[in-house]
Every structure is written in C-alpha cells, then in structure tokens.
Amino acid sequence: MRLRNIPGAEAALREYPTFVDNPLSYKGSWKERFGNDNPIHVEIGCGKGRFINTLAQRHPDINFIAVELKAEVVLRALQRTEYKPIPNLAFVQFDASKLTELFADHEIVRIYLNFSDPWPKTRHAKRRLTHPRFLNNYRQVLAEDGEIHLKTDNEKLFEFSLNQFAAECFQMRNITFDLHQSKLAEENVMTEYEERFSSRGQRIYRVEASCIIK
C-alpha cells in the first residue's frame, strides 16, 4: 500500500512531546533522555503505533523507542498519543540501517521487527531487516543478553530470517509458524497489520533470537 504524502509532516512531528527531534545527541545517553535507568526496547518500523503505545502503557518500567524512516508514518503513530506526554515512550525519524549511529554499543536490550517489508525479489535481499548487514548492527547495539522479537505474515521472509539468525550465531526460541494458535497468543500484542492479516485467516510467524557476542 502506497503511503499518502502529508505536506508539512516533518514540522508537525515537533508538536508532539514523545517525538525526539535531535536523536543523535542521545547516543549513549538515552537513559538520561528518559530520566531513569530502565531497560530500553526498540521497535523498528512502527506502523500506526498501536503496538509500541500498548507496550509502553503496560510496562512503565521499560523505556520504548520507535524508529521509523518516513515522517508520515511517525506522524500517524504520534497522533495516537493525542499530544499526551508518555514518559517511557519516544518516537524517532531515522534510517534503521544506521542504527549504530543512534545507539551506543550494547545500549538496548530488545528489538522488535513487526511485519517488516519482505522485499521478495532476490536482488533486494540486502534490504530485508534480517539480512546480515542489519543483524551485525543489531548485535552491536544490543546488550549481551539482548533479543530480537520478529513477527511476520510472510512465510518466505520468516524462513529467510531463521536461516540468517542461525548463520549469524543467534540462539532462537519460541519459534511458531502459527502464533495465534500457540501458547504465545495469550501475551501477544497485535499490530494493526497483524489484526488485518489474521482476520483473513493468514498465519502469523514469530521467533525470538538472542545474541551471542562474537
């Protein structure tokens, strides 16, 4: 689905207290930005924002950062907050391929990859968020016991991701090829896309991958 361009979207972002306008200045000091020493979880690609907003409300003892490239997407997610400051939530407009510029080594403990673009053509494999060039960046910014939680409706992307996790020495657990029929469904927080896909009877794939520091 093509995203509609929103004139003035980047300027509008600054009206929201949960948007961080100068994120690079917080590299290595994100806990100071939040004013506490709580662990940091990052979602790459925030969609309409329901997932990250729900987690932030459920877990006030965790700091959440949504990283999204397109201003229009960030704005749509921020609109869900209704201009209310959420102390443990921040939104950042930034290119996820440069994640090591945004976070210091081992600064975060979990990354969420929810329904990322599958980039189905072989020549576009390097753009997939579980390609080794991304995984190496994740390993650098994740803590030694850091995790990646991946959900997708795309079976081929899921299989690709499992293979890449194995090849790059990530330990995997809670692998399911049908999330909503598994024991993990009870604690699952659905995204807007997930709700749409599952309502059509599509299976949702999920895995947790833990870093092994090389």
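In this predicted model, Asn 53 is in contact with Ala 77, Arg 80, Thr 81, Ile 86, Leu 89 and Phe 91, leaving aside its neighbours within four places in sequence. The residue belongs to helix 3. Asn 53 counts as buried because its relative accessible area is 3%, and the cut-off for a buried residue is under 20%.

Helix 3, which spans residues 50–58, also takes part in covering another helix. The buried residues of helix 8 have helix 3 and strand 5 among the elements that cover them. Helix 8 runs over residues 192–199, and within it Glu 192, Glu 194 and Phe 197 are buried. At its N-terminal end, helix 8 is capped by Thr 191, a side-chain oxygen of which lies 3.4 Å from the backbone nitrogen of Tyr 193. Just after helix 8 comes Gly 201, with a positive phi of about 85°.

The side chains of Glu 195 and Arg 50 meet with a distance of 3.4 Å from N to O. Glu 195 lies in helix 8 and Arg 50 in helix 3, so that the pair links distant parts of the chain, 145 residues apart. Glu 195 is classed as partly exposed because its relative accessible area is 39%; Arg 50 is likewise partly exposed, at 22%.

In general, side chains of opposite charge can pair when their charged atoms come close. How many salt bridges does a search of the whole structure find? The search finds 10. One of them joins Lys 31 to Asp 37, whose closest N and O atoms are 3.4 Å apart. With 29% relative accessibility, Lys 31 counts as partly exposed, whereas Asp 37, at 63%, counts as exposed.

Another salt bridge brings together the side chains of Glu 208 and Arg 206, at 2.8 Å from N to O. Are these two partners buried or exposed? Glu 208 is buried because its relative accessibility is 6%, and Arg 206 is buried as well, with a relative accessible area of 13%. Through salt bridges that share partners, Arg 110, Glu 147, Arg 173, Arg 206 and Glu 208 are joined into one network.

The account now turns to helix 7. At its start, a side-chain oxygen of Asn 154 comes to within 3.2 Å of the backbone nitrogen of Lys 156. The buried residues of helix 7 are Leu 157, Phe 158, Phe 160, Ser 161, Leu 162, Gln 164 and Phe 165. Their cover includes helix 6, strand 5 (142–152), strand 6 and strand 7 (205–210). Just after the helix, Cys 169 takes a positive phi of about 65°.

Not counting residues up to four places away in sequence, His 131 touches Ala 125, Lys 126 and Phe 160. His 131 is placed in the loop between strand 4 (108–114) and helix 6 (132–141), and it counts as buried because its relative accessibility is 15%. His 131 and Asn 163 are 32 residues apart in sequence, and their C-alpha atoms are 9.9 Å apart in space.

Strand 6, one of the elements covering helix 7, consists of residues 171–176 and contains Met 172. At 31% relative accessibility, Met 172 counts as partly exposed. Together with Ile 175 and Phe 177, Met 172 makes a nonpolar surface patch of about 230 Å². Asn 174 is also placed in strand 6. With 26% relative accessibility, Asn 174 counts as partly exposed.

The backbone angles of two residues complete the account. Most residues other than glycine have a negative phi. Asn 174, however, has a phi near 50°, a positive value in a residue other than glycine. His 106, also not a glycine, has a positive phi of about 60°. This residue is found in the loop between helix 5 (99–102) and strand 4, and His 106 counts as partly exposed because its relative accessibility is 39%.

Technical notes: Residues are numbered from 1 along each chain as its sequence is written. This is a predicted model: local features need pLDDT of at least 70, side-chain atom pairs count only at pLDDT 80 or more; totals for chains, interfaces and linings use all residues. Side-chain values use heavy atoms; hydrogens and water are left out. Patches are made of residues with over 30% relative accessible area and no salt bridge: like charges are joined within 9 Å, nonpolar side chains (Val, Leu, Ile, Met, Phe, Trp, Tyr) within 5 Å. Accessible areas come from the Shrake-Rupley method with a 1.4 Å probe; for residues, only the protein chains shown count as cover. A salt bridge is a side-chain nitrogen of Lys or Arg within 4 Å of a carboxyl oxygen of Asp or Glu. Helices (H or I, at least four residues) and strands (E, at least two) are DSSP runs, numbered from the N terminus. Buried means under 20% relative accessible area, exposed over 50%, partly exposed in between (1.4 Å probe, protein chains only). Contact means heavy atoms within 4.5 Å. A polar contact is a pair of N or O atoms within 3.5 Å; within protein, one must be able to donate a hydrogen and the other to accept it, and residues adjacent in sequence count only if both atoms are side-chain atoms.
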